[in-house]
Amino acid sequence: MCDFLVHRTHLYKPRLSSILCLSHHQHSSSPNHLLAVLRSDHSIELWNSHDSFTLERTIQPRNASHSPELIIWLDKYLITAGLDGQLIAYDPITFEILTSCHAAGGAIWSIAKHEATRRIAVGTETGHVNVYQLDEDASQFSLAMSVCKQAARIVSLAWHTNDDDFLVAGSINRIYICSTRQKRTIQQINVGKLSSTSNRRGQKDTIIWCLAVTDDYTVFSGDSSGRTCVWDAVYGTLIRSFQTHRADVLCMALSSDEQTLFCSGVDSVIVRIELVSPKSTVTTASTTLPTTDSTKQWIKTISIHSHSHDVRSLALIPSRFASLRNKEHNLSNKLMLISGGLDARLLVHDIVRDNSKPPVLWRKCFNFTQHRNKIHQKGNYFLFTYRDYIELWSIGKEGGMNENGEDILERAPKNLVQIKTTHQARIDTVAMAIKKTKTDEQVTIAMGDTIGLHVYVVQGLDPQSQLSVIPIKTYSDEQNMDQSFSSIKNILQLRFQSSSLFALNSRSQLYCFSLTPYKLNRIISCLPSTLHFEVSSKYIATADRYGHVTIYLNSTYHILAQLPQETYQCTAMSFANDRLACAYADRSIIEYDIQQNEYSDWTRKYLKRMPLQWFSERSPIINLFYDTKEKLFVIDSTYLSIIERGKKMPGTYTKIFNNTNQTNSPIHVCKQFKYLLHVTLLSSTQLFVVELLPSIVEQCLPPALKRKRFGT
């Protein structure tokens, strides 16, 4: 393995957004395993829990007034609600807005669903509990009924899974049991106020932040005093009360068998509460036999200390290892607990139902490590993408070493220009290309935001010239009619190749433009749910959510080949002459020979026999590319790996990530970067690396609730 001169930069500092709400969708008739994550900047992320929690796409709010705070799946439709009072339903394939309505009663504080009747209940600022019906084709929301009207806002809701007449609402100091058929409150549970020395009156209101209900009409509540209470909803009596937290309990999740409850909140501790059977003994003349009492009790068992800040939402899903089995009911003994909050990361724990083993932290998911189209590098320039602006930088120049043997820069990286969006539009994706002239270099930037597609030409990059940014607003369509670039909306990915621009939108349409002049050559209709593509001078490859990879001819735009469908989706692709390398969500890598229309010999002999430790790494591959020396660079958020073609793979149980002597191995792993965001080749001996240090991530987080540590 040769040595590289690394241009290592820490200039990229994305803005971290906390997690507000989680909602998982897994239907028996649908292959989707999508986890919807709503963040504090009102963007929605779609993570595929089946494919090792791969971030598929991000849905940005289309206007500044849209501010969702709650998210839920109803059948196959994604529903959002928020303090703006809007209910919005999204298309299950393109995730464009299908319909919306303004809820009666003002701001929406809580939401619950009933799958069988396709109804949604919302709790509002004015104390209304309204039930809305979603049509079969999701064309509109209709107000079915207003169940009850209370004096204070409704901050939490829970709907019985089978009994659509049983709806529980949480407010301030009270829990209301509502009947949707009688359209009134049939039971009122007084939680009571707490004694407080800071309050002049000596009492403090108790806010019911979260609720859950079981099939036997047992209600769980988490409140602002840090208590988790178990109630008998039929008689309105308290069964058990646990002081599970030192501050507000903000969220809870109930398992499908209703034997386990997880709750968490401001103090960031996740507490497990279980339904167990107390054991007693029966003494006979010869022996003592254990028996089980028919009366079960809820007890507090374990605590998980994985988060550093407030936990805002919890979700329990079947284990990813059991989700591959096509069964109507999951009989596995494992669950996955997903949590998120102010520390801006998703944590996934492996949970055993019978509590025979402690929880294991299976994965930490950061969104910035899986953004494929936020950073670009071409020539001596690189591009950083932020929420509503982009920055064009020049790469620094190495100046040798000083007297102490330290590397010095002859020219430091320089921020050349910043381009902001109009009307505070959010940026979805960007791309850049460089055109060299006799006297100057021009950088062409394509940017897709919530308004549409925009193209800019940056001139005067020479230090002696005056820098200018020229917007290109129109192009010629196939009928030679002028059209606006901004009319192309919902862009997922952009790519430049030679003198062409390619743009993929959410409707799986691939626009192919020529740049001299700006003209639309063709619109390719790809497979539904196409997520990203790769392009070379001869070929175009597209990949969808379901493991399909399709290859098109770049000159005629006709389908040339379709790779065998894989179980997991493709996360990265790269061309090298007539070869296509693909990396999948399970970290498997294949190389396809396009001319022979089959897997290459390297794939069949070596890539299918990678060591097991390669697959044990849980971070998906975000990028891969070839160099001119028959080496394949593979990048994930933790490791930079180089695989040499033509060499025999090490043994099945070889420790490639822990091996210090990698001279004779075809797999070379570099572990000195974290977190890796972008890697490209500047030349045969130089690498450009962008990383985000964990210390920078911690500095971006708000202060956490102070914990008393032992010895402090």
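Glutamate 274 and arginine 272 are both buried in this predicted model. Their side chains form a salt bridge, in which the closest N and O atoms are 3.5 Å apart. Elsewhere, salt bridges with shared partners connect Arg579, Glu591, Glu630 and Arg645 into one network.

In total, the structure holds 25 salt bridges. One of them joins the side chains of glutamate 125 and arginine 153, with an N to O distance of 3.1 Å. Glutamate 125 is located in the loop between strand S11 (119-124) and strand S12 (128-134), and arginine 153 in the loop between strand S13 (141-149) and strand S14 (156-159), so the pair ties together parts that are 28 residues apart in sequence. Glutamate 125 counts as partly exposed, because its relative accessibility is 32%. Arginine 153 likewise counts as partly exposed, at 28% relative accessibility.

The cysteines may be considered next. How many disulfides does the count come to? The count comes to zero disulfides. Cysteine 101 takes part in no disulfide, and the nearest cysteine sulfur, which belongs to cysteine 21, is 18 Å away. A disulfide would require the two sulfur atoms to be within 2.5 Å. Cysteine 101 counts as buried, with a relative accessibility of 16%. Cysteine 700 is also in no disulfide; for this residue the nearest cysteine sulfur is that of cysteine 365, 19 Å away. At 40% relative accessibility, cysteine 700 counts as partly exposed.

Attention now turns to the surface. Leu612, Phe615 and Tyr653 form a nonpolar patch there, and together they have about 350 Å² of accessible area. Is tyrosine 653 buried or exposed? Tyrosine 653 is exposed, because its relative accessible area is 69% and the cut-off for this class is over 50%.

With a relative accessibility of 10%, arginine 57 counts as buried. Apart from neighbours within four places in sequence, arginine 57 is in contact with Ile44, Glu45, Leu46, Thr94, Phe95, Leu492 and Ser506. Arginine 57 and tyrosine 653 are separated by 596 residues in sequence and by 35 Å in space, from C-alpha to C-alpha.

The protein chain has an average pLDDT of 88, and 90% of the residues score at least 70. Among the elements of the chain, strand S52 (residues 549-553) has the highest mean pLDDT, 97, while strand S28 (residues 288-292) has the lowest, 45. Over residues 280-293, pLDDT stays under 50, and the model has 18 contacts beyond four places in sequence for this stretch. Residues 322-331 form another stretch where pLDDT stays under 50, and for these residues the model has twelve contacts beyond four places in sequence.

Key
Residues are numbered from 1 along each chain as its sequence is written. This is a predicted model: local features need pLDDT of at least 70, side-chain atom pairs count only at pLDDT 80 or more; totals for chains, interfaces and linings use all residues. Side-chain values use heavy atoms; hydrogens and water are left out. Patches are made of residues with over 30% relative accessible area and no salt bridge: like charges are joined within 9 Å, nonpolar side chains (Val, Leu, Ile, Met, Phe, Trp, Tyr) within 5 Å. Accessible areas come from the Shrake-Rupley method with a 1.4 Å probe; for residues, only the protein chains shown count as cover. A salt bridge is a side-chain nitrogen of Lys or Arg within 4 Å of a carboxyl oxygen of Asp or Glu. Buried means under 20% relative accessible area, exposed over 50%, partly exposed in between (1.4 Å probe, protein chains only). pLDDT is the predictor's confidence in each residue, from 0 to 100. Helices (H or I, at least four residues) and strands (E, at least two) are DSSP runs, numbered from the N terminus. Contact means heavy atoms within 4.5 Å.
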